[in-house]
Amino acid sequence: MPFEDELGNALRRAGDDFTTDGHALVEAGEQRGRRLVARRRASVVGGSVLALAAIATGGAYTGGLFDGAGGSGGPGRVNVAAPPELSAGPTKAPADGGPSSRTGSGAVSGAQLVSVLKELLPGGKVTDTEARGTAAPQGPSIHGVYDDGKGAAEIGVSLTRTDPDGRTAAGALECPDANTTDYEGCATETLADGSKIMVFQGYEYPDRREPTKLWRATLVTKQGFQVEVMEWNAPAEKGAKVSRPAPPLDPAQLKTLAASPLWHPALQDLPAAPPEGRGSAPAPAGADARVVLESLVPKNGITVDSKGGEGDYAYLVLDDGKGKSLVQVNVQEHMGDALGGHMSGATTLPDGTKVLETKQPGEKGGKGVVWWSADTLRPDGRRVVVSAFNTANQAKPATRKEPVLTMEQLRTIALDPKWFG
């Protein structure tokens with residue numbers, strides 16, 4: 001998947017997580033989107049990495065493991081007799097504070113990765129392929145259109161390194177909250193070699209109830225190797241009509257493809273990822289939003305049914321016994337110029353803080369859903385927006401007449417000084 005699409009997906013998913021004026025969130029959305037791209041690259045597409053000594057750039061690669069880019073059974077067939085064993089290998093850290101490198105030696109080309117994908121698929125043909133080898137700054141990946149005779153479908157594989165004990169890896173293997181995300185199935189398991197894998201069966205646009213399905217398998221090994229396989233039931237992930245009821249590979253096939261040792265040479269050519277917190281993007285300033293939000297919710301008969309988020313975004317699904325209600329917060333800095341005229345009509349407090357309260361219909365198709373928000377902007381550009389809905393999932397019908405929290409409570413939460421430590 002090209003980087004531009006990955007960034008676009010990250011920005012869209014950031015928007016799915018947090019809803020407010022689209023123009024007002026351009027700058028903050030891009031920042032969050034890029035963080036999600038980094039996290040997604042580290043967890044599913046190709047991540048922030050350190051140097052790892054490449055294994056035998058001669059031996060395994062020139063000795064016949066990859067013999068070309070031909071398809072299954074053809075003259076370019078991959079020799080699977082002796083794939084290298086996974087090893088974390090020696091690492092070379094960047095200078096303190098300096099950026100890490102994700103670039104391998106280039107021992108494995110994009111054409112060779114295409115050959116591997118063709119070898120692993122159960123018959124059919126693969127066309128319209130695009131691939132990056134291990135020398136690519138964005139990391140190695142392959143995508144194309146796979147047709148098993150039952151309908152063309154886009155399929156892609158991304159390879160990366162990550163800290164297997166870090167939050168990024170854990171997040172990649174965490175099934176979405178069923179309260180807030182629609183999907184058909186999700187399961188995680190630990191394999192015999194200690195690797196962990198998640199197989200997810202969902203939708204490209206779960207909040208829009210569109211028919212394009214997105215299924216994926218994400219594998220993380222003990223050594224910090226990651227493989228993600230993604231497939232759709234359409235010849236393109238967006239802008240194309242669905243061609244079949246479901247993507248071509250079932251969950252067992254997705255798992256087998258992701259766990260194949262034929263990916264090992266490319267993975268072994270990638271530098272190792274640093275432990276999280278070193279060489280990675282700095283954490284946002286201020287307190288953890290999920291912890292703060294939970295601490296500020298009134299305790300008068302309200303329980304937390306589920307929660308999620310990270311850094312400056314968080315959500316809670318609350319229940320007071322009268323129906324579930326989604327509450328979410330986004331904490332931003334340097335937003336004074338980015339907001340433009342968004343805060344026109346806001347009330348200005350004695351300390352200069354602007355408060356804009358809105359009540360409007362939900363924007364994601366759920367019948368009867370209402371969306372209340374308290375949007376606050378400090379004089380120094382720090383912004384906190386707290387939103388609440390009368391449902392746990394904005395794409396599903398309302399479960400109650402109004403959100404569980406009143407507008408006054410949303411305002412009080414948004415103005416609390418805890419957000420900035």
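A salt bridge here is a side-chain nitrogen of Lys or Arg within 4 Å of a carboxyl oxygen of Asp or Glu. Lysine 255 and glutamate 189 make one of these, with their closest N and O atoms 2.9 Å apart. You're looking at a predicted model, where local features need pLDDT of at least 70, side-chain atom pairs count only at pLDDT 80 or more, and totals for chains, interfaces and linings use all residues. Residues are numbered from 1 along each chain as its sequence is written, and side-chain values use heavy atoms, with hydrogens and water left out.

**A few words to know**

- Helices (H or I, at least four residues) and strands (E, at least two) are DSSP runs, numbered from the N terminus.
- "Buried" means under 20% relative accessible area and "exposed" means over 50%, with "partly exposed" in between (1.4 Å probe, protein chains only).

**Salt bridges**

- Side chains of opposite charge can pair when their charged atoms come close.
- Searching the whole structure turns up eleven salt bridges.
- Back to lysine 255 and glutamate 189, whose closest N and O atoms are 2.9 Å apart: this pair links distant parts of the chain, with lysine 255 in helix H6 and glutamate 189 in strand S6, 66 residues apart.
- Lysine 255 is partly exposed at 26% relative accessible area, and glutamate 189 also counts as partly exposed, at 36%.
- Another bridge joins arginine 244 to aspartate 148, with 2.8 Å between the closest N and O atoms.
- That pair spans 96 residues: arginine 244 is in the loop between strand S9 (225-232) and helix H6 (251-258), while aspartate 148 is in the loop between strand S4 (141-147) and strand S5 (152-161).
- Arginine 244 is buried, with a relative accessible area of 10%, whereas aspartate 148 is partly exposed at 26%.
- Aspartate 305 and lysine 324 form a salt bridge too, their closest N and O atoms being 3.2 Å apart.
- Aspartate 305 belongs to strand S10 (residues 303-310) and lysine 324 to strand S12 (residues 324-332), so this pair ties together parts that are 19 residues apart in sequence.
- Both ends are partly exposed, with aspartate 305 at 38% relative accessibility and lysine 324 at 28%.

**The disulfide**

- Counting a disulfide as a pair of cysteine sulfur atoms within 2.5 Å, there is one disulfide in the model.
- Cysteine 175 and cysteine 186 form the link, with their sulfur atoms 2.0 Å apart.
- Cysteine 175 sits in the loop between helix H5 (167-172) and strand S6 (185-190), and cysteine 186 is in strand S6, eleven residues apart.
- The link is left-handed, with -85 degrees about the S-S bond.
- Cysteine 175 is partly exposed at 25% relative accessibility, and so is cysteine 186, at 23%.

**The seven-stranded sheet**

- Two strands pair if DSSP finds at least two bridges between them.
- Seven strands make an open, antiparallel sheet in the order S10-S11-S12-S16-S15-S14-S13.
- S10 and strand S13 (347-348) are at the edges with a single partner strand each, so one side of each has no neighbour in the sheet.
- S10 and S11 are antiparallel and joined by seven bridges, and serine 306 stands opposite valine 317 in S11.
- These two strands form a hairpin with two residues between them, where glycine 311 in the turn has a positive phi of about 65 degrees.
- Seven bridges also join S11 to S12, again antiparallel, and alanine 314 stands opposite valine 329 in S12.
- The hairpin of S11 and S12 has four residues between the strands, and glycine 321 there takes a positive phi near 90 degrees.
- S12 and strand S16 (residues 383-389) run antiparallel and share six bridges, with serine 387 in S16 as the bridge partner of glutamine 328.

**What covers the sheet**

- Strand S11 is mostly covered, as seven of its seven residues are buried.
- On one side of S11, the buried residues are Tyr313, Tyr315, Val317 and Asp319, and on the other they are Ala314, Leu316 and Leu318.
- Helix H8 (residues 289-296) lies across S10, strand S11 (313-319) and S12, at about 30 degrees to S11.
- Helix H9 (residues 407-415) packs on the sheet, touching strand S14 (354-361), strand S15 (370-377) and S16, at about 35 degrees to S15.
- For these helices, contact means heavy atoms within 4.5 Å, and axes are lines fitted to C-alpha atoms, for helices over the stretch in contact, with angles from 0 to 180 degrees between N-to-C directions.
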